[in-house]
Amino acid sequence: MNKQPDSGVKLPDPTEWAKNWNEIAEQSQKLVSEFLARQGSEPMPAPTSITPDPLNIGSAFMEMTAKMMTNPEKLVEAQVELWRAYTELWTSSAQRFMGQEAQPIAQPEKGDKRFKDAAWNESYLFDYIKQSYLLTARWLQKTVNDVDGLDTKTRKKVDFYTRQFVDAMAPSNFVMTNPEVLKATIDSNGENLVKGLHNLLEDLERGKGKLNIKMVDAKAFDVGGNVATTPGKVVYQNDLMQLIQYSPTTKEVYKRPLYIVPPWINKFYILDLKPENSFIKWMVAKGYTVFVVSWNQPDERHVDKTFESYMREGILDGLDAVKQATGEEEVTAIGYCIGGTLMASTLAWMAAQGDERIKAVTFFAAQVEFSEAGELSVFIDEEQIKYFEELMAQKGYLEGTEMANTFNMLRANDLIWSFVVNNYLLGKEPFPFDLLYWNADATRMPAKMHSFYLRNMYQRNLLAQAGGLELGGQKIDLRKIKIPVYLQASREDHIAPFRSVYKASQLYSGPVRFLLAGSGHIAGVINPPAAKKYQHWTNDTKTNPAKVEDWIKGATEHPGSWWEDWDAWLSAKSGPKVKARVPGEGKAKAIEDAPGSYVKKRIID
């Protein structure tokens, strides 16, 4: 008879196990009591009129259920299909139990880190748990997706929140069904769970009663110390932003300065994390005079700031300051994410005014046509916008944690549940990772600006319509933008999907070079050549086809970073070389050292 394989788990002595769990229960009760006592001393928040289902999830699932019940035959077919799959799994698992070889019925997707521990494959018990979960999860999502008669918005919402439920129910998220956690619990006599509870309560305390999962040790990083370290000076500031001019590292620079407008949903130093992956440092070394906008952290003083305020006090005031600093009227520019949406809006406004200071523009992961805005559109129906507006009305801004939580939900397994397992179940401290430090350095959104952005861009898609949007009393039209455009998108971007970004190529009237990078919203952009990671695609067609799929058919894949391709494009539009400019030596005097004080304003430590 074949020997039965080991389950991979060595059970503890029952008496010792009971003793340890009694100790855990006592410590847990003490910790919870202390937390509740601390919370009891805090004033209760004022009641609001916010609806109990602000995300409108319940009505979406009720509609889905009603549609599903109109076709019971299809539901029975789906159930039979699940039974068939389980029969195959039971047969396969029985073969493994008897020591025989058996092919898996369901396997994790490539890159799924939840099942990386060897026991998920080596133990027939945990292999069965894993496959059972994968079968059920995929069946559930397929069944929901196959419901007939749902409108597009409801279908997207049901699909998104079904995936959130499926991700939450993964066996990796529970002590008794995660072999790595179970082993750690047995080996440490449950000490990992006690440490995990401490971590959980600290996160609740830091979030003032709301769970704010610690993704990184914030004490391991210092803005201006070991991140955002490229030398430079703040040469201008107003209530909304500081303008940083970086110190040259070459004797000569291109005549036209490079003016970068990052998003204000996050902070600018994603472009300047460490020297080895700093986009800013790389561009300075290429001979560009680099200016970067560093947005202020909004608070009660900024309640009246609008999208137009960001245009005037951000881009337009910044352009004036660049001229003061260098004497140059003409610049090239970059807009990243929402900073790119603002840049496109401003360029259309400038075109209507006959303002030609920006001679070429690059967009990183920036949307201007929102009809295919991806999973973020799940949060942009009327009920949810009203919820956000009610939430913002309380303080005049949206807390940065609200935006951060939304973005994290787009990649819940990587940005939520992996930390639940690491911090709370394994009782470990998160790894000191600069990108996650930046990701956790949340920023607020002024109420009027954010409402304008959600309603006019995401909900109504007015920016893409000729004359659909008005800024500064001027109706704007993206088709009036005739300068050269470099349009970058990333293949796995969940925030600005490449299909959405590509649509801009059909709106601008000037020459547009579209480039598709590998990876996602951040790594697709921040990918220095020295890293030799990922890939990118180019297509030298003179006229971009209407559909991105047709562009891809004619594209050529290249290994590694796309930065060199972009530098070749931009350098040809940056004018001749001139003597390098030192920050503060022009008419714009140095105020303080880079990265400035605005970027150091944190809302959660």
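A: What follows looks at the aromatic rings, and at one pair in particular. The model is predicted, so local features need pLDDT of at least 70 and side-chain atom pairs count only at pLDDT 80 or more, while totals for chains, interfaces and linings use all residues. Residues are numbered from 1 along each chain as its sequence is written, and side-chain values use heavy atoms, with hydrogens and water left out.

Searching the whole structure gives 33 aromatic pairs, where rings of Phe, Tyr and Trp (its six-membered ring) pair if their centres lie within 6.5 Å, and planes under 30 degrees apart count as stacked, over 60 as edge-to-face and the rest as tilted. In the pair of F364 and W562, the ring centres are 5.4 Å apart and the planes stand at 75°, so this pair is edge-to-face. Because F364 belongs to strand 7 (residues 358–364) and W562 to the loop between strand 15 (556–559) and helix 19 (563–571), the pair ties together parts that are 198 residues apart in sequence; helices (H or I, at least four residues) and strands (E, at least two) are DSSP runs, numbered from the N terminus.

F364 is buried, at a relative accessible area of 1%, and W562 is also buried, with 1% relative accessibility; buried means under 20% relative accessible area, exposed over 50%, and partly exposed in between (1.4 Å probe, protein chains only). Both F364 and W562 belong to one aromatic cluster, which is formed by F279, W282, Y336, F364, Y486, W562, W563, W566 and W569.
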